[in-house]
Amino acid sequence: MALAIAKENVARWLEKLLQAGEVVAPVRSSCGDVLFSTITSAEQVVWDFPNSLHPPKELLLPQTDPIVRITRRGQHHEVEPIIDRTRRFLFNVRSCDAKGIAFLTRMQEMEPADASYLRRSNNLTVISLACTTPCQLGFCICTDSGPFLRDSYDAQLTDLGESYLVEVASPKGEAAVAEAQSLFRDATEGEVTQRQKLEDAARRHFGEETCHFASAMRRISTCRVPDALWEKMSDWCLECGGCSVVCPTCYCFSVKDLGCDGTWIRCRVRDSCQYSAFTLEASGHNPRAQRKDRMKRRFFHKVSAQYYKRDGAVGCVGCGRCIKVCLGTTHMPAVVAAIRKGKWHE
Amino acid sequence: MLAVPTACPFCSCGCGLYLLAKDGQLVGVAPSETHLISEGRLCARGWAAHEAARWGDRLRQPLLGRNGKQEPACWDEALDYVVTRLKKLLNAGKPVGVLGSARATNEENYLMGRLARAGLRTNNIDFAYRSVCSPILDGIEEVCGRLPPAIRLNDIAATHVILLAEGNLAETHPRVASFVLRALESGAHLITIGYRKTQMTRLASLHLQLRPGNEGVVINGLLAAMFDLDLKERLSTVIGVEAIRRDLDQVERTNEVRQAAEWIASADRAAFLIAPGCGQSDQRDAATTFAELAAISGHLNRSGSGLLPLVARSNAWGAWDMGIAPDRLPGHDLLDGARSRQRVEDLWGKKLPTAEGLSAEALLQSVSGLIVVADDPPSVMPRRQDAMAAMGRIEFLVALDAFVTPTTRVAHAVLPITSFAETDGTFTNMEGRVQKLRAASNPLAEARTGWQVLAELCARFEAGASYSSVSDVLREVGQAAPRYAGIERKLSKDGWGGAMIETIDSTKFALQPSRTTVMEELTSAERPYLLIRDGTFDWGCDPLICYSPTLSRDYRSEQKLFPTGFVEISQGDASSLKLGAGRRAKLSSVHGDAIVPVLVSRDLEPGVLFVPYGFRDHVSSVLGAHGVAAVSVERG
Amino acid sequence: MNDVFLPDIACLADVRDETPDTRTFQLLFRDSKKDFHFFPGQFLELSVFGYGEAPFCIASSPSRPEALETTVRHTGLLTDALHKLGEGDEVGIRGPFGNGFDMEAARGKDLLFVAGGIGLPPLRSLIWNVLDERSCFGNVTILYGARTPTDLVYKEELDDWAKRADVEFHVTVDTASPGWTGTVGVVPSLFNKVTFHPESTLAYVCGPPIMIRIVIQDLLARGFKEDSIISTLERMMQCGVGKCNHCAIGHRYVCRDGPVFNYGQIKELVE
Ligand SMILES: Cc1cc2nc3c(=O)[nH]c(=O)nc-3n(C[C@H](O)[C@H](O)[C@H](O)COP(=O)(O)OP(=O)(O)OC[C@H]3O[C@@H](n4cnc5c(N)ncnc54)[C@H](O)[C@@H]3O)c2cc1C
Ligand code: SF4
Ligand code: SF4
Ligand code: SF4
Ligand code: FES
C-alpha cells in the first residue's frame, strides 16, 4: 500500500527520525561536492543533485572499519568485537545505491555470514528517492537497478511535485513511517497512476539503446576475450583503484592491526583487486602479476555468468561512478563496449 | 563523520580530496568533483592518503639522546636543549645548517629560511629533493628566466601534441598521465623521448628512443628540425637565434624527428613535459635544450600551451619558492640581488648573511649542527649511504618530523610535529597553484604544529615575529616573496582549487648557443654496456608510503624478494650473456664493481642496464657519483 | 551470531625446530572447554597480535585431538614475529577454515602422498589420520622430497614411517650433504621406485607450485584420472571466510571452496 507525505512535512519526519537514530543523507560540502554524511537537521539534506560520487556504501563497509579490540594485560590478551548497533536511516539515496547495498548484504549473508556487517545493515533503514530525471552517466536500466525500484528498499519516495509518494516494503520501512505516522496519509489512486507515468517517462529517458552486457558476459565467462585486447586496454588503466573505491558493489578488503604497545584495533581496510600486491603470496609468486590479469579479474567478477548465477545479478548497478572516477579510460561501459566490438580505441 | 577538504600530500599534481575523520581519527578519503585538478579522480596514493598518517610509526613526544639512547623529554626541556647546543656550536664558530623539505608546507619552509638566515645567521639551507630536481629546473631557468611558463594541468587534456621526456609518468604523476590519456582519446599526438619503454611510450604516436648520452643529439635534432620549418613571427620572442642556428647546422635530423617537429609546430596547443632524470649525463643541458625547443615553437606564450617540469614531491615547488636553497631568498630571488636582500632584511629587521651557503650534499658533509625538518635525506638523495654516513658524523643533529625515519633514529634531539593531516598550511603544486592544507585531526599525543615549533625556534634565536595563526605566516610570505603577494587574501576568497602565484608574461626567451651536438660516447670496447640509475623519484622510500598498509605492499615485497637489489637487463643481452632470471651479474666500471641479481626486462634496449632508484645503493660502487656509467658485464 | 573475525586465544604449548627456518607450534586453547573439530587439509587463521593474521594448515591429525599443531616457515613480518614467540606466549586462532580432504572418498582406496618441502604439513594431518585408522585403507605410499637433508621436516616421524611395514615410504633431496646416504634427485624421480594402480589410487600432492605441476603431469601420464589427483592451492588470504576476495579464482574462493581441489576442478578455475 502506498502512502503520501506533503513536501512541507518531510522536515518534520526527519526531525522524528533524528530522534530515533542517526540520519545519513546527501549534504553539500563547503566546496560544493555532495557527500553522504550524518545530518543534524533537516535543512542539510540536498535534494537537487544527480548522485554523489562518493558512495553511501561507506556506511556499511567503511574504508577503515574497526572490528576487534585487542588488549594485552601482562602475558594475557583479551579480544572483544567492536559492536556498532546504531540505528541509522539512509535518507534520499538513489535507486542504484539501494540496489548496491542489497547486493553487498546478500554477499555478506553468504555462509559464513559476517556478523559485524549484518549488525549494521539490520539496523539500517534505506529510504530511497526514485529517479524521475535519471542522471546523465547512469545506465541502471541495463542492470535492472533503477531508475525506480521494485525491491531493495525499505521505503521508496517518488517526487510528485507537491508531495512524495511513499512505498513501504519492509518492517523497517514501516517503523520509519511510524516514527511520524500522523504526517502520512494514504496515497490517492491518481497519485499511484502518476508515479507509474513518471516511471515510464524515466525509463524512456534512456532511449532505445539497449545494453550490451549479455554479449560481453558470454565472452568473459567463456574466456573468449583475446589476451591481446586485455593487454591493450590495460595500458589505459593507471591502476588507481578508484573504480573499487566508488563502486557500490565492490567489497575487497584486507585485515590489519592498528595501534601499538599492547592495545590494537583490528581493522578491515578497503582494498582493491586492481593493485598488484593484492594477490602476492609470501613466496613471491603472484598469480595476477600483470595489469591485464587484474583487469580481467575485475570484469570477470562483475560481468561473468559464473558470478551472475551465484549472485543473481551482474556485479554492476549501472551507477556510472567509474566513468567519472577512472583515472584512465577503462571504466565499465568502455570495457564492455570494447569486448563486444572486439577492439579498443580504433 | 567529518569531511575535510585538503590537498594530496604525495606528488606535485596537487589533487584535492576530502580526508574523512571519525571521532578524531582519519578513516578514509572521498573524491571531489568540484576540485579543479582532481575532477573526482585520484591515484592510488591519493586514495590512501588517510592511511599514510594514521598507520604511520608516529613520533609522540620529544626525544633527547642521553646515555646512548633516545629518552623522552618534555617540550621545554627539549627546546632548551636544542637551543643551548646550537648556540654553543655557533659561539664556537662551527658551521650549522638547516634542511627544509619538499613535503613540508610553505609556511614551515618559510620559517625554516627565517630561522637559518636571521636566527642561525647562515645561508646553509637547502632541501634534499633539490639535489634531484635542480638540474632540470636550472636548465629551464637559463632559457625562461626565473619562471617556467607552466601549462595548467587541465589544459593538457585539450592539447594536440604532447612532448614527454619520459621518466615514468604513469607512476610519478598519475594525474598528469590521466590528462595525457584524455588528450590522446581526442586524437592528440603523444611523442615520448626516453631510453626505456613505459606505459606512456606504449601509448605514444611516436617514440624517440634514447641511448643514455645521446639526449643532446635527439633533443637538438628536434630543435634543428624545428628551425627547418617556417616559424615566422614565432621567433620574435626569442633571443640568440642566429648563433644557435649555426650550432645546429651539422645536427642530424631523422625522419622521426622531422615528423615530431612538424606536429609540434602545427599544433594549436602543445604541452612540453620533462621529468628529472632526463639526460642522465647532463640533465641541465637536456632541460635547456628542451626549453629552447618549447620557446622557438612559439608555444610558451600561448594560452593552453606550455612547459612543465615534472617535480615529484608535493611541495617541491613551494620549497623552491620559499628560497630553500643556499643561494636564494624567498621568492627564489638570488641571494646577491640588492633589491631582494633589502626587502627581506627590512621585513625581518636583520642583516642577512652574505656568504653563499652549502648545498644539501656539502652541508651534510661539513656542518657540525643540523636541523632536518620533515624529511629523511638519505632516502631522497642519490647517494643514500654517503648521506647516512655523513649524518652519523654530525655533532648535533635535530630532527623535526611526524614520523619515525632513519634520520629521527640517529638524531640527538627529536621534536615531534604534525603531519599533513593535522596542520593547516599551503602547498604549491608544479603549475604554481597554491592550495590549502587543512587539519583533519588533532596533533598526536604531545606533537605540536610544525609552524609553531619553527616560530618558537625563530624566537629563541632572536629572529622572531609573533604569529597568531598560520595565515599570519602566509601573509608574511606574501611580503617576502613578490609572486606570493596577497596570496593569503586570494586563498581565503578562492578556497578550493587554490590560487595561482603571479606569473610574469611576455618574457623573452634566451637561447643558449654552443652545446654538445655529438653523442657522448661513454662506452668502450672494454666496457660496452651502460648502467643507468632510474631518475624518477622512488616513492617507496617516502615514510608516507612505507607506513600505509595498501601502498607499502608493492614496495616492501620488492625489498623482500630482492634483499640485494636487482638491475634490469634487456632480453637480448640476457641471452647473449647467459644471464637468465635469478642469475647474478658482475658489473664493473672505472669506479668499482658489484654483483647483483638481474631481472630480464622487455622494456630495455640492448646495451643498457637499469637500476631502480630504490636499489641504487647496491650499485653505488659502480656508479660512483654519477647517474650513469659504462660497465662490463659478466656472470657473477 | 558469532563474529567471524573474532579470534580465540590460544597459547603455545610447545615449540619445536624442524629446520633452520621452520618450526612446529603446538597450540592450546585458553578456554579448555573449547570445541574444536576439524578435517585434515583445513587451515587456521593465526593472529600474532599487533602483526595481524596469516593462514596456516593444521599439521596435526583430528585422530589425535590432544595436540593441535601447525608448522610454520619463517618468510616475512608475521612469521618472523611468530618465530620470536616461545612456550606460554599467546596467539589468536580463527577457524578451522576450508573444505579439507574428503576422508570418506578415500576409504578403501590405495593412497599415494607426494610432498615437497613445506608441503608436508597439510599431508601430515591426513597421513596420521589414515595411519590411525589403517585398516580402512589400501596401500599407503609416501614420497617426500626437500632441497637438502636439513630442509626435511618431522625428521623423527619420517624414520617412523620408514620403519612401518604397512607404509611404503621414500625420501629424496635435491642436493645431498655429508652423511646423507639416501636418494638424491627431485621428487618425481621417486616414482620409479614404486608401483601403483592408478584406477584404484588417490594421489595427494602438496608442495611448491612448480613441483605440483610436474608431478601432476607425470601422474596423468601414468594413467591417473584428473579427479583422483588431489592438491591444495596456496593463495594470498586475508579473511579466510570468502569475503575479502584476495584468494578468489574464478568464482571460487580458495579459503572457502578449497584449499583442497582435485585436478579436474583446478583446470576449470578461471584465473
Ligand atoms: C591455505 C594456506 C595454508 C598455508 N599453510 C602454511 C603452513 O602450514 N606453513 C607455512 O609456513 N605457511 C603456510 N602458508 C603460507 C603462509 O600463510 C605465509 O607464509 C604467511 O602468510 C606469511 O606471512 P608473513 O606475514 O610472515 O609474510 P609476509 O611475506 O610478511 O607477508 C606480508 C607482506 O609483507 C611483506 N613483507 C614481508 N616480509 C618482509 C620483509 N622482511 N621485508 C619487506 N617486506 C616484507 C610482503 O610483501 C607481504 O606482502 C599457507 C598459506 C595458505 C594460503
Ligand atoms: S561498475 Fe561502475 S557503473 Fe557499475 S556499479 Fe560499479 S561504479 Fe557503478
Ligand atoms: S579506476 Fe580506472 S585507472 Fe583506476 S584502477 Fe580502475 S580501471 Fe584502472
Ligand atoms: S596524482 Fe599526485 S596529487 Fe594526485 S592523488 Fe596521485 S599522488 Fe596525489
Ligand atoms: S581469504 Fe578472504 S576471500 Fe578467501
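In the predicted model, the C-alpha centres of domain 1 and domain 2 of chain C are 21 Å apart. Domain 1 of chain C spans residues 8-97, and domain 2 of chain C spans residues 103-268. Their contact involves 26 residues of domain 1 of chain C and 25 residues of domain 2 of chain C.

The size of an interface is often expressed as the accessible area that is lost when the parts come together. Between domain 1 of chain C and domain 2 of chain C, about 2,000 Å² is buried, with 54% of this area on carbon and sulfur atoms. The two domains of chain C are linked by 2 salt bridges. A salt bridge is also found between Asp132(C) and Arg64(C), whose closest N and O atoms are 2.9 Å apart. On the side of domain 1 of chain C that touches domain 2 of chain C, two or more residues come from each of the strands β1 (8-19), β2 (22-29), β3 (43-48), β4 (52-57), β5 (68-73) and β6 (90-97) of chain C. This side of domain 1 of chain C consists of 10 nonpolar, 8 polar and 8 charged residues.

Chain C also meets chain A, with 39 residues of chain C in contact with 46 residues of chain A. About 3,700 Å² is buried between chain C and chain A, and carbon and sulfur atoms account for 56% of it. Within chain C, the most area is lost to chain A by Phe5(C), Lys243(C) and His251(C), which together make up 18% of what that side buries.

Between chain C and chain A there are 3 salt bridges. The side chains of Arg30(C) and Glu78(A) form a salt bridge with an N to O distance of 3.3 Å. Polar contacts across the interface of chain C and chain A number 23 residue pairs, both residues being at pLDDT 80 or more. The strands β3, β4 and β13 (248-249) of chain C each give two or more residues to the side of chain C that touches chain A. By class, that side of chain C has 17 nonpolar, 12 polar and 10 charged residues.

The residues around ligand 3 include Cys237(A), Cys240(A), Cys243(A) and Cys326(A). Leu238(A), Glu239(A), Gly241(A), Leu327(A), Gly328(A) and Thr330(A) are also among the residues around ligand 3. The shell around ligand 3 divides into 6 nonpolar residues, 3 polar residues and 1 charged residue.

Note on methods. Residues are numbered from 1 along each chain as its sequence is written. Chains are lettered from A and ligands numbered from 1 in the order in which they are written. This is a predicted model: local features need pLDDT of at least 70, side-chain atom pairs count only at pLDDT 80 or more; totals for chains, interfaces and linings use all residues. Side-chain values use heavy atoms; hydrogens and water are left out. A residue is near a molecule or strand if one of its heavy atoms lies within 4 Å of it. Ala, Val, Leu, Ile, Met, Phe, Trp, Tyr, Cys and Pro count as nonpolar, Asp, Glu, Lys and Arg as charged, and the others, Gly among them, as polar. Domain bounds come from an automatic or database domain assignment. Contact means heavy atoms within 4.5 Å. Buried area is the accessible area (1.4 Å probe) that two parts lose on being put together, summed over both. A salt bridge is a side-chain nitrogen of Lys or Arg within 4 Å of a carboxyl oxygen of Asp or Glu. Helices (H or I, at least four residues) and strands (E, at least two) are DSSP runs, numbered from the N terminus. A polar contact is a pair of N or O atoms within 3.5 Å; within protein, one must be able to donate a hydrogen and the other to accept it, and residues adjacent in sequence count only if both atoms are side-chain atoms.
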